[in-house]
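Here are my notes for you, as promised. Have the model open while you read, and look up each residue as we get to it.

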Amino acid sequence: MGIRTPRAAGGLAGLTALIASLVATPGVATAARLSPGAVPGRQAAQATLTPEQRAARLVAQLTLDEKISQLHGIQDAEHLRYVPGVPRLGIPPLRITNGPAGIGHSDDRPYKPATAMPAPIGLAATFDTRLAEVYGTVQANETRDLAHSLIEAPDINLTRVPQNGRTFETYGEDPYLAGRLAVANIRAIQRKGVIAEVKHYAANNQETDRLTVDERIDERTLQEIYLPAFEASVKEGHVGSVMCAYPKVNGSYACENSSLLDTVLRGQWGFNGFVQSDFGATHSAVPSALAGEDLEMPTGTYFDTAMRQAIEAGQIKESVIDRMIARRYAVMIRAGLFDRPLTPAPIPAQQDGAVARSIAEQGTVLLKNSGAQLPLDPTRTRSVAVIGPYAGAAHTGGGGSSQVLPLYTVDPVTGIKNRLPSGSTVSYADGSDATAAATLARSADVAVVMVGDSEKEGEDRTGLSLSGDQDRLVAAVAAANPHTVVVVKSGAPVLMPWLDKVPAVVEAWYPGEEDGNAVSAVLFGDVNPSGKLPVTFPRADGDTPAHTPERWPGVGGTATYSEGLQIGYRWYDGQDITPLFPFGFGLSYTTFRYGRLHVSPVPARDGRVTVQVDVTNTGRRAGTDVAQVYVSDPAVAGEPPRQLKGFQKVSLRPGQTRRLTFTLDRRAFSVWDTAAHAWTTVRGSYQVAVGDSSRDLPLRATVHVAGATRS
């Protein structure tokens, strides 16, 4: 039970106004725009220094003891995620909170409550970079409200293994989608003077044996699939920090992997922030420092006594740790953390809760709606049976370090009661007794069954089936009441053996603290669902790409990525496997038509291609669709059949048409050349397809590319 938060007035228009007000909330300027001279009280000499120069001068004044203290965190009776400052030099501490679903485990004993946002996988289902921005704005504002300076977010590891226990924290299976959302999220966080930390670099795609597994991934697959979202986070998002991950990649632990940290991150991409280890992911002092790790967390197992001994023994120069510390200081200075002390402030629960609710609504995916079962008509629905293990309380998020202690919750029964007129009946059963649940369902006009999963950090699911007797529960309720709606609250794909027996299915992910209100708004049509699947839903466990022990969880401590480029929908398309629901899929309470496709026949001089298409709302309700652009390479390129290269969300009145324009850059027509260690375009004809899912692409055109351009 909980409080009922107000809807943003005017539906999407009201949300737009709310988003605008949040994003425009006065805060610290972005790192790129921060002017040292604009900070009151700064000495004139410092005002002319760059953050790097100022950081270097501070490091030069540190004693060796102080330097060692700045290389790692501490944990004691007061602190959990904390790097101490140096008060005599005005160097502030670094207080860290986990993300990415809100303010998770933080440097507080006990943890403080915050807004439990919808799971990031639900944000990904919106296919909306503006919502990723407002999501980041809430994250940053609440990080500052709790007087913290860094949030470990976003998590952009791809869904290679849908059983992965942390899929709910991520943006799905496609690197382009993940990259676009990550850039928007990071920019919003850092605009407020909070450091974003993109994680887990790189290829942290399973929880099973995550501390030791060696992931064998070829160079092309790394560059084309598992690194692009990180690259975008660095080059476009200008992220301040990168978290190096637990696993080994090609024989070397991520936090001492010079290929990942030095050659790619700093060399190819020009990253100028600092690298922090995942908690306990550091395995050495000297190799890690030389490879590019800057900060060990949560304590100094290697970057304390062992590092001091290495310096004294001449195994590593003191100038190396000077550079490590200076990188972090420069990022903190850019964010304003040296000059604007953070002070606690109350979190605006109602405002942030309204945003969480709206994002949950827009991320909800309508998977099936036979006979227009949905939306429910509250004037004709006099009794509703709400049934299932995920019907009695709000499903606020997954488990582990990302778990948020919510400020409040709205449970599903309350949400549905709030929506129905007085005199209506809402009954509830937890579903533990399928026979009793069926009896309750039989007596109601509509039965709403809420099933799902509870993913958590540290372990993978053994399969994609719903746990316990949830499948049997759905079948029993559907047999008792033909007007059965199934609401799935999962962090990843689940199997649906009962799909043909129910008229309507909704994927709500982990809706966050506003669960009850968000789900009921979709069920009763206050919100026309527009979510699209950021992950493919398979028909069986064996249909997934990593379906052999060698691929997942690995054999002899090694997980072999032998599926190569074929991750997610790329695999299903390449293997000609029909999924249960394809990537990008999602129904609406209205219908849409695509037409008048125009594509540049050849790229412009800068390699860009323009795509234009009309989208028309052909139904009777206002609604929103996500137009998606996929590119198919020439066969000689050896790429998957099609790959997402653009998307736009469009809201339309009944009968309204809008012409959308997409600009595809040279990367959309490039592959990784392992001989040249660079991106290159392959000569030939590329097909551009447009529609509203990876398997519904009615419009197609051809682009002829000359090829051989490297970058």
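Is F583 buried or exposed? F583 is buried, with a relative accessibility of 0% (buried means under 20% relative accessible area, exposed over 50% and partly exposed in between, using a 1.4 Å probe and protein chains only).

Before we go on: this is a predicted model, where local features need pLDDT of at least 70, side-chain atom pairs count only at pLDDT 80 or more, and totals for chains, interfaces and linings use all residues. Residues are numbered from 1 along each chain as its sequence is written, and side-chain values use heavy atoms, leaving out hydrogens and water.

1. The structure has 15 aromatic pairs (rings of Phe, Tyr and Trp, the last by its six-membered ring, with centres within 6.5 Å; planes under 30 degrees apart are stacked, over 60 edge-to-face, the rest tilted). One of them joins F127 and F583, which form a tilted pair at 5.9 Å centre to centre and 55° between the planes. These two are 456 residues apart in the chain: F127 is in the loop between helix 5 (120-124) and helix 6 (129-145), and F583 is in the loop between helix 19 (569-574) and strand 17 (592-599). (Helices, H or I with at least four residues, and strands, E with at least two, are DSSP runs numbered from the N terminus.) F127 is buried too, at 1% relative accessible area.

2. Next, look at Y176 and F647. Their ring centres are 6.0 Å apart and the planes sit at 85°, so this pair is edge-to-face. Again the partners come from distant parts of the chain, 471 residues apart, with Y176 in helix 7 (residues 175-191) and F647 in strand 20 (residues 643-652). Y176 is partly exposed at 30%, while F647 is buried at 12%.

3. Now zoom out a bit. Ring pairs tie F127, Y176, Y569, F583, Y630 and F647 into a cluster. Y176 also has the charged end of R180 over its ring, 5.8 Å from the centre (that takes NZ of Lys or CZ of Arg within 6 Å of the ring centre and within 35 degrees of the ring normal).
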